[in-house]
Amino acid sequence: MLNKLFALLILFLTLPLILLLGVLIKVNLGSPVFFRQSRTGLNGELFTMVKFRTMLNIKDDLKSDSERITNFGKFLRSTSLDELPELWNVIKGDMNIVGPRPLLGEYLIRYSKEQFRRHEVRPGITGWAQVNGRNAISWEEKFNLDVWFVDNKSFFLEVKVVLLTVIKVFRREGVSSKNHPTMTIFYGKFNKNE
């Protein structure tokens with residue numbers, strides 16, 4: 001309940017900014033303004049996550065993300081403004097403010113048993129992995145941090161993550177992985193004993 005109330009408050013306070021960003025995205029990138037994608041939530045259940053669109057909507061499979069992302073899109077990502085519509089997912093109950101970032105549904109079959117534990121809590125707009133490297137760390141490090149969060153989740157840890165997120169956003173740290181505008185694809189790393 002606290003997550004939903006906090007999300008409603010932030011949504012109310014940022015509504016003028018959200019409307020302005022919607023207009024700017026429409027002018028710079030065209031339609032649609034929002035990017036919707038199936039992501040994995042609590043207990044591995046799929047839901048539709050909503051973000052602001054940051055890439056050109058080119059119907060060409062040969063175009064990589066780095067070719068489709070614009071300078072305006074890079075700005076939205078580096079400031080995390082593209083994440084604001086996810087407040088709606090929090091209000092709906094799909095996500096929390098803090099938790100492991102929701103990943104693609106296709107990754108579900110690629111997780112080890114330990115990695116899958118990240119789904120024991122609701123995914124978040126920000127999380128422990130985001131304030132400890134975001135996209136600049138390896139998948140293995142990210143999953144280890146996610147599982148650590150699951151095991152150590154508390155109100156005070158969540159408050160700490162929110163405060164660290166504000167600092168990271170202003171510093172624009174860890175937005176991209178090396179040589180990639182977002183994060184590389186997770187192909188899976190399985191322990192034979194799991």
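Mentor: What follows starts with the core, goes on to the helices around it, and ends with the surface and the salt bridges.

This is a predicted model. Its largest nonpolar core has 30 residues. Within that core, the residues with the most contacts are Ile25, Phe52, Leu84, Ile97 and Trp128. Several elements give two or more residues to it: H1, strand E2 (46–52), helix H3 (71–78), helix H4 (86–92), strand E3 (96–98), helix H6 (139–152) and H7. H1 has the largest share of this core, with five residues.

If its neighbours within four places in sequence are left aside, isoleucine 97 is in contact with Asn3, Phe6, Ala7, Leu87, Val90, Gly124, Ile125, Thr126 and Val162. A further core, of six residues, lies apart from the largest one, and among its members are Tyr111, Trp139, Phe143 and Phe186.

Helix H3 comes next. Its buried residues are Phe72, Gly73, Leu76, Arg77 and Ser78. H1 and H7 are included in what covers these buried residues of H3. After H3 comes serine 80, which has a positive phi, near 65 degrees.

Now to helix H1, which spans residues 2–29. Leucine 15 lies in this helix. This leucine 15 counts as partly exposed because its relative accessibility is 39%. Between the C-alpha atoms of leucine 15 and leucine 84 there are 9.6 Å, while along the chain the two are 69 residues apart. Leucine 84 has been named already, as one of the residues with the most contacts in the largest core.

Leucine 2 also lies in H1. With a relative accessible area of 57%, leucine 2 is exposed, because exposed here means over 50%. On the surface, leucine 2 belongs to a nonpolar patch together with Phe155, Phe156, Val159 and Leu163. Together these residues have about 560 Å² of accessible area. Helix H7 (residues 155–171) gives the most to this patch, with four residues.

The charged side chains remain. The structure holds 11 salt bridges. One of them joins glutamate 158 and lysine 153, at 2.9 Å from N to O. Glutamate 158 has a relative accessible area of 14% and is therefore buried, since buried means under 20%.

Another salt bridge links glutamate 114 with arginine 117, whose closest N and O atoms are 3.6 Å apart. Glutamate 114 counts as partly exposed at 37% relative accessibility. Arginine 117 is also partly exposed, with a relative accessible area of 21%.

Lysine 92 and aspartate 94 meet through their side chains in a salt bridge of 3.4 Å, N to O. The relative accessible area of lysine 92 is 45%, so lysine 92 is partly exposed. Finally, salt bridges link Lys51, Asp82, Glu83, Glu86 and Arg101 in a network.

Technical notes: Residues numbered from 1 in each chain as written. Predicted model: local features only at pLDDT ≥ 70, side-chain atom pairs only at ≥ 80, totals over all residues. Heavy atoms only, no water. Buried < 20%, exposed > 50% of the residue type's maximum accessible area, 1.4 Å probe, protein only. Patch = residues over 30% accessible without salt bridge, like charges linked within 9 Å, V, L, I, M, F, W, Y side chains within 5 Å. Areas by Shrake-Rupley, 256 points an atom, 1.4 Å probe, with all protein chains shown as cover. Salt bridge = Lys/Arg side-chain N within 4 Å of Asp/Glu carboxyl O. Core = buried A, V, L, I, M, F, W, Y, C linked by side-chain atoms within 4.5 Å. Contact = heavy atoms within 4.5 Å.
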